[in-house]
Amino acid sequence: MSLIQARGLRKSFRTGFLGRRVEAVRGVDLDVREGEIFGFIGPNGAGKTTTIKLLTGLILPTAGEAWIQGVPVSDPRSRQHLGFLPEGTFFHEYLTGAEFLDFHARLLGIPRDVRRQRIPELLQRVGIPHAADMRLRSYSKGMRQRAGLAQALIGDPDVLILDEPMSGLDPLGRKDVRDLILSLRDEGKTIFFSSHILADAEVICDQVAIIVRGRVVHQGYLDALLGQELSGVELVVEGIDENLFEQVQALAQRALVQGSRFQFEFDDEAEAEKALDWIRSEGGRIRSLVPRRRSLEDLFVEEAKKETHA
Amino acid sequence: MTAGANRIFVIAQNTYREAVREKLLYNLFAFSTLMILSSIVLAKMHLGYDERIYYDVGLAAIAFFGVLIAIFVGINLVYRELAQKTVYTMLAKPVHRWEFVVGKYAGLVSLLALEIGMMAALFMLVVWYKDTQFPIQLLYAIGLIFMELVLITAVALFFSSFTTPYLAAMFTVGLWIIGHLLADIRDFGNLPDAEGIRPITQALYWGLPNLDRLDLKGPAAAGQVIELGTVLSRALYALLYSAMLLIGAVALFQRRDFR
């Protein structure tokens, strides 16, 4: 069952003095199934945030429709079981962390006794239990992002829409958010998040959609999108002389000297085999031989380039 | 309380909380206190007019600082929700846009009620301290000052719903000034030489909020008799006009894209 659906979503804005019409989203279709982590990836200005604002009812579509849990997004009831983290952490700075969560919980009509229990639990879960009584204006960027996540979770939502949840976080913070998203999926929640950090998306997503210049150019499960076939081989060797290095380098797409080690990357498996034979016959030592699969980054770069040249 | 009423109450309470944590509010309140207290000194300089000076200065301070708070604190509170994008997390909940507008308005009006109440209490304290009478007309005048602020806040909210805060502040101040000059504008249009612009002056007179109708400071300070019915009918006028502006603000918010 799709918990987030969009059909033919379009949004154009008028910009500039002459009111020139710019199409930010051009016919987006989405299907996010229950219990999935769905990555919505694309370069800056691709239309990710605009699509998210359409899904959360913050802007009105020029054409097309979207539903959350089967309810049209134009109806505020579609947001009854939705948690949302906007990009850029815009919160009421005069509130303390606990007041901020209490305010959002009350907007959802959560009873006082549940709020009292849930607020400290959530602050603990996002890693800022010490900041409950600090005003948000004194929070660091990472703490704000965590407070924003707690806000998105305050209603114990079935569906989460997170706009760039890892932005502004240090590596430890990114790992915490990744782990949090995975644990939410384990609880049965459906998570739709946008990101331009492809490594994060590749690690945690079940399904991804790549949006470029307002159009979804790829959507599907990662295995299906990236395929199982090899995209190349990475070889690390030791104990070869300069002549052999130059010979192998001519076959490889990339060669790197790391002290006594030599690293080669081959796009063609047959050429890697040939290089291996040479190295073995000359007495070189093979330290690692790693097949390389097509990555999300490879796919993303290909699509971005295609669209740019289109 | 229904879910909708609860959301309006929560938004109003948060608006109120934001305002009372606002430094500008305290600065304006400090100045209004100083102005009300200055009537004691001013009265000493004008022997024989003590009573009138307490009344005039007290009512003027309440009206002037009330309008400043309504325009600048009020516009700022709505603008900030939009400019700082705090509205995103609120409207991405099951909150109707009209609930947001009404909640903000209710929060601002309750702030004004507190502010007018405190200034009026200080005013009464000064009058009591100087052993002077506090006639009921003064309370009527203060009540209508409050209604004027209720109306001005609705004007500010209306303009904030579709323009920048600077323009909204300018438009609101402009309308406040014109609103007090409507009788003069109508009289000007009624001059024999002004027949060409009479439709315009008539349209302004009947279309814009007539704030002079809400100004009973002069008669109250002069000790003139003011009927309660007059006060109530003028308060009703302010309420209806505010409701109309609020409906307009809701209609504009309903179509607005939060980019």
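Visitor: Which helices do the buried residues of α2(A) pack against?

Guide: They pack against α3 (112-125) and α4 (141-153) of chain A. They also pack against α1 (3-20) and α4 (87-91) of chain B. Buried means under 20% relative accessible area, exposed over 50%, and partly exposed in between (1.4 Å probe, protein chains only). Helices (H or I, at least four residues) and strands (E, at least two) are DSSP runs, numbered from the N terminus.

Visitor: What should I know about the model itself?

Guide: This is a predicted model, where local features need pLDDT of at least 70 and side-chain atom pairs count only at pLDDT 80 or more, while totals for chains, interfaces and linings use all residues. Residues are numbered from 1 along each chain as its sequence is written, chains are lettered from A and ligands numbered from 1 in the order written, and side-chain values use heavy atoms, leaving out hydrogens and water.

Visitor: How many residues of α2(A) are buried?

Guide: Eight of its eleven residues are buried, so the helix is mostly covered. Start with a rule about helices. An α-helix has 3.6 residues a turn, so residues three or four places apart point the same way. Now look at the buried set. Among them are A:Phe100, A:Leu101, A:Phe103, A:His104 and A:Leu107. After α2(A) comes A:Gly109, with a positive phi near 75°.

Visitor: How do I read a salt bridge?

Guide: Side chains of opposite charge can pair when their charged atoms come close. The rule asks for a side-chain nitrogen of Lys or Arg within 4 Å of a carboxyl oxygen of Asp or Glu. The structure holds 28 of them over all chains. One joins A:Asp102 to A:Arg115, with the closest N and O atoms 2.7 Å apart. A:Asp102 sits in helix α2 of chain A and A:Arg115 in helix α3 of chain A, 13 residues apart.

Visitor: Are A:Asp102 and A:Arg115 buried or partly exposed?

Guide: A:Asp102 is partly exposed, at 22% relative accessibility. A:Arg115 is buried, at 12%.

Visitor: What other salt bridges can I find?

Guide: A:Asp206 is in the loop between α6 (198-204) and β9 (207-212) of chain A, while A:Arg185 is in helix α5 (residues 171-186), 21 residues apart. In chain B, B:Glu81 meets B:Lys104 at 2.8 Å, N to O. B:Glu81 lies in helix α3 (residues 50-83) of chain B and B:Lys104 in helix α5 (residues 97-129) of chain B, so the pair ties together parts 23 residues apart in sequence. B:Glu81 and B:Lys104 are both buried. Salt bridges with shared partners also join A:Glu238, A:Arg261, A:Arg285 and A:Arg287 into one network.

Visitor: How many residues does each chain give to the contact?

Guide: Contact means heavy atoms within 4.5 Å. Chain A gives 30 residues and chain B gives 30 residues. Buried area is the accessible area (1.4 Å probe) that two parts lose on being put together, summed over both. Here that comes to about 2,900 Å², 59% of it on carbon and sulfur atoms. Two salt bridges cross the interface. In one of them, A:Lys11 meets B:Asp257 at 2.6 Å, N to O.

Visitor: Which elements of chain A touch chain B?

Guide: β1 (2-15), β6 (82-85) and α2 (97-107) each supply at least two residues of that side. The largest share, five residues, comes from α2(A).
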